[in-house]
Amino acid sequence: SNDGSLGDIYVLAWAKSRDGQVRGGPAPMAGPVPVPKGRGVHLSVFVARPPGNAAQHTDVLLATVQNRAWAVIATPSVDWQHDWPSLAEAGGGAQSGADGLLPRQRLADAVLANLGDQDFAALDLLFQEWNHADARDESGNWKLQAFNAAFASIAATNWDAAMTTVRHWKEFNPQSSGAAVAEARLWMAHAWEVPGYCLCGTPTKPGPEATRMFAQRMAHAQEALEASREYAAGNPLWYQAYLDLAVQTHRDAPFTQRLFDEAVRRHPLYQPLYLAMANYWIPRDGQSGKWPPLASLADRLVDLSRATDGDDNYAWFYARLDEKLPLEVNLLWRGPLPWTRLRESFRALVRRYPSADNYNRFARSACRAHDRETYMELAVKIRNNVEPDLWPSNFSMDMCTHAFLEPAPAPKPK
């Protein structure tokens, strides 16, 4: 009802699942609707079905009420159970997404949408639901990784607003694991915004004041992690954040190794922990002198996860390690990495997770190993699903295809 301070209102409504993974698309806004002073109004709003053709379920109806100046007046929500039928069943075409897996971006989008709604119950529920080895995306990545992508996105967009949201999240649930990790991640991102610092692999020479600010912000990140250890370390994202912090602040090898050992004792199947530790040993000068500890990490991951993942993680680890190395470093061509073992691991990985991402990484590795036969086989499979961001500039797919289509040199006469 209107106490005299309102004129016309507009209402936008949408449906979502309790954890925010299923969310209705945009629907027409209702309004403008005049609200007579001292009286209430009833109005109907449209709610759009969630994206995709598969049958889906939503639990909550949310609304945003705005005035003519687009200021938000209220954000009511009510329980509203609704089953959205399959469009195939309704005659709307072939069903898609039947395997229940979400593309990588939709996972991060679900987290971002919950952050935007300030639906902290949904965020905590997702943080709990995805803390399981069975919660994987279509490429075999843990869905939990979507939280890191979302935290990086809000930190880069508006750090102050993002930190305000995280503080509200902590007020809602003082022992929220997700809020603790978010706070640490935001402080770490803020540290790298200090002039003179960058995560770009290029040596920098910050001044004394910049050095002080960087250390102070990283200290805030460590404080957030230490304060939440008791209730948040049960989630591997907590350890991943701490390992990233240790690497970025150049903690000594014994401390970093102890932290990693503790992390994989508690979360042996979470692959990004091994990649976080790899950052400590990755060569930055085009040399391979730190290869033994990297190889040891890969073997340890495979050994500890073989019961659930077979040998898939050998390819998972090295495909992502390759993306972190300097362009001039090629572990496969006359390098220390055995291509035969990696190729068989990739074959196992794409059998289990036949995603475009995995096939692109497999093809890229075959090119870097100069395996023409395997590369040409894979190039046919991915010709309509090329992921350019997964190909380095010095090994683009066009370059690889051109090189392998060149006629082989004639054998030298004996």
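A cavity here is a set of points, on a 1 Å grid over the protein atoms alone, where a 1.4 Å probe fits but cannot get out. A volume is the space filled by probe spheres set on those points, which are joined across faces, edges and corners.

This is a predicted model, where local features need pLDDT of at least 70, side-chain atom pairs count only at pLDDT 80 or more, and totals for chains, interfaces and linings use all residues. Residues are numbered from 1 along each chain as its sequence is written, and side-chain values use heavy atoms, with hydrogens and water left out.

**Exercise 1.** Work out how many cavities of 30 Å³ or more the structure holds, and how much space lies in the largest cavity.

*Solution.* Start with the count: there are 3 cavities of 30 Å³ or more. Then take the largest cavity, which has about 70 Å³ of space.

**Exercise 2.** Find which residues line the largest cavity, and sort the lining by class.

*Solution.* Step one: lining residues have an atom within 4 Å of a point. Among them are Tyr318, Asp322, Leu337 and Arg368. Step two: sort them, with Ala, Val, Leu, Ile, Met, Phe, Trp, Tyr, Cys and Pro as nonpolar, Asp, Glu, Lys and Arg as charged, and the others, Gly among them, as polar. That gives 6 nonpolar, 2 polar and 2 charged residues.

Key
1 Å grid on protein atoms, 1.4 Å probe; cavity = no way out; pocket = protein on both sides within 12 Å on 5 of 7 lines; lining within 4 Å.
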